[in-house]
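Morning, everyone. Please have the sequence and the model open, and follow along as I talk.

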Amino acid sequence: MSEHTAHGTMTLKLIVWRQKGPTEPGRFETYLARNITEHHSFLEMLDVVNEDLINDGKEPIVFDHDCREGICGTCSQVINGLAHGGQTRTTVCQLHMRTFKDGDTIYIEPWRAKAFPILKDLMVDRNALERIIQAGAYTSVNTGAAPDGNSILISKEDADYSMDAAECIGCGACVAACPNGAAMLFTGAKVSQFAALPQGQVEARERVFSMIEVMQKCGFGNCANHYDCQAVCPKDIDVKFIARLNREYLKALVM
Amino acid sequence: MSLLTGNVGRKVLMAVSGLFMVTFVVAHLLGNSTIFVGPDWINAYAEHLKELDLLVWPFRIFMFAMLSIHVFFGITLTLENWGANPDKYAVSRRPRSTFAGRTMIWTGLLLLAFLVFHLLQFTFKITPEVVKVVDAQGRFDVYTMMVAGLRNKMVAAFYVLSMVALFLHTFHGIQSIFQSIGLNNDRTMPKFIMIGKISAVVFLVVFSAIPILILTWVLS
């Protein structure tokens with residue numbers, strides 16, 4: 001690791017979860033992050049640490065990342081006990097080092113839930129969320145000529161409501177933050193975005209039943225209305241969508 | 001997706017059974033409050049309840065069913081939830097969940113123990129210290145039974161502790177009912193949360209006042 005520390009930069013102590021593979025036991029390792037400026041994003045800070053590790057001939061820390069613009073939902077780390085680091089409406093990639101001070105100790109852990117097995121270090125398998133999507137988060141349409149633009153009218157209120165739910169980027173922070181490892185905020189958002197629209201009505205019953213069933217089969221826990229999920233959600237998905245999921249389920253039961 | 005095995009279905013059953021029990025607690029609180037007016041009032045109240053003889057057993061069976069559903073699913077759901085989140089974080093911060101919410105299983109089990117004792121003591125009247133006398137008008141003297149029973153410091157302390165558990169359980173539980181049965185939206189949610197918190201405080205204050213006032217000889 002480079003010993004040189006540039007003037008005006010921060011040095012931080014990182015305590016990071018390292019795990020070689022899904023079946024290997026994991027442990028915390030301590031690293032020093034040197035030459036970090038306040039302009040580094042959290043992931044860029046890890047890039048710096050990884051370069052040092054590579055230069056030293058060591059295995060870099062594996063973590064998920066993709067767009068680094070806060071929109072793809074790939075980055076996934078629990079930082080000092082909070083999914084995405086606890087900045088309001090912020091993903092890890094948009095968390096910047098200006099929120100830390102020189103000399104800070106930072107715990108970095110992967111999402112922890114039975115439904116999200118750890119693949120390596122900070123990377124977890126979030127396919128369970130995809131399986132919930134596949135179970136019903138779609139509408140079936142007949143292909144053919146493009147439909148008329150305004151053939152199905154949707155009120156502004158409904159469109160806004162649906163868009164609020166559709167803002168979910170599927171990062172899984174809700175599951176990571178849930179004391180029960182439940183995926184109700186995710187599933188609630190996915191069900192609600194269709195429930196509010198006319199196109200979603202045709203398959204409404206099958207959708208809610210099969211999505212709940214798959215959610216349960218994937219090993220997610222049950223919602224106990226703690227609402228930690230909304231607090232860490234980088235898109236601030238509202239827990240009212242969980243109530244909507246419950247309501248859609250009850251509607252489907254009597255339909 | 002069955003109501004009895006499904007993820008959401010069982011939460012709905014928890015909510016509905018909880019709602020009936022909270023309604024019962026409110027009725028019980030109103031009835032018990034007659035003790036603050038005087039011995040004559042609570043004895044008269046008990047006598048009136050007795051006159052509803054035909055309704056009492058069906059009602060008890062119904063409440064027992066609600067309790068059984070709530071306890072059974074409460075325990076099984078909790079065990080499932082522990083299983084779904086087996087590896088704990090080294091550092092864990094809880095941004096929005098409450099102590100009350102995270103201790104529902106423990107406050108619930110304490111309330112169950114309390115309920116068993118409370119029924120044995122004041123409903124079936126088979127605990128050793130129960131005083132069974134009639135008042136001047138020949139009615140069963142509930143007031144004397146309560147005062148004698150709750151003058152025991154250990155019993156009174158258990159009652160107050162249980163009411164703290166009821167406070168915590170309903171603090172999280174009441175608002176949770178509305179969320180689980182899907183009635184929450186932007187407009188209603190803050191109101192349901194407020195109703196839950198106020199009710200929990202009222203339950204704590206009124207129910208705890210009875211053993212405390214008896215122990216301090218205000219009621220004698």
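Chain B has nine helices and zero strands. Read from the N terminus, the order is α-α-α-α-α-α-α-α-α. Keep in mind that this is a predicted model.

How far does the predictor trust chain B? Its mean pLDDT is 95, and 100% of its residues reach 70 or more. Among the elements of chain B, helix H8, residues 153-180, has the highest mean, 98. Helix H3, residues 39-51, has the lowest, and that is 93. The model as a whole scores ipTM 0.94 and pTM 0.95.

Now the dimensions. The C-alpha atoms of chain B fill a box of roughly 60 × 40 × 35 Å along the principal axes. Chain B has 220 residues, and 45% of them are buried. Take the contacts between residues at least 6 apart in sequence: in chain B, 75% of these join residues at least 24 apart.

Next, the surface. Chain B has about 11,500 Å² of accessible surface, and 75% of that belongs to carbon and sulfur atoms. It carries 17 positive and 10 negative charges, whose mean positions are 13 Å apart.

Over to chain A, for one residue. Find Asp121(A), in the loop between strand E6 (118-120) and strand E7 (123-124). Is Asp121(A) buried or exposed? It is buried, because its relative accessible area is 2%, and the cut-off for buried is under 20%.

What does the Asp121(A) side chain meet? A polar contact of 3.1 Å joins it to the side chain of Arg18(A). One of its polar atoms also lies 2.9 Å from the backbone nitrogen of Gln19(A).

Note on methods
Residues are numbered from 1 along each chain as its sequence is written. Chains are lettered from A and ligands numbered from 1 in the order in which they are written. This is a predicted model: local features need pLDDT of at least 70, side-chain atom pairs count only at pLDDT 80 or more; totals for chains, interfaces and linings use all residues. Side-chain values use heavy atoms; hydrogens and water are left out. Helices (H or I, at least four residues) and strands (E, at least two) are DSSP runs, numbered from the N terminus. Buried means under 20% relative accessible area, exposed over 50%, partly exposed in between (1.4 Å probe, protein chains only). A polar contact is a pair of N or O atoms within 3.5 Å; within protein, one must be able to donate a hydrogen and the other to accept it, and residues adjacent in sequence count only if both atoms are side-chain atoms. pLDDT is the predictor's confidence in each residue, from 0 to 100. Contact means heavy atoms within 4.5 Å. Accessible areas come from the Shrake-Rupley method with a 1.4 Å probe; for residues, only the protein chains shown count as cover. Lys and Arg count as positive and Asp and Glu as negative; His and the chain ends are not counted. The place of a charge is taken as NZ of Lys, CZ of Arg, CG of Asp or CD of Glu.
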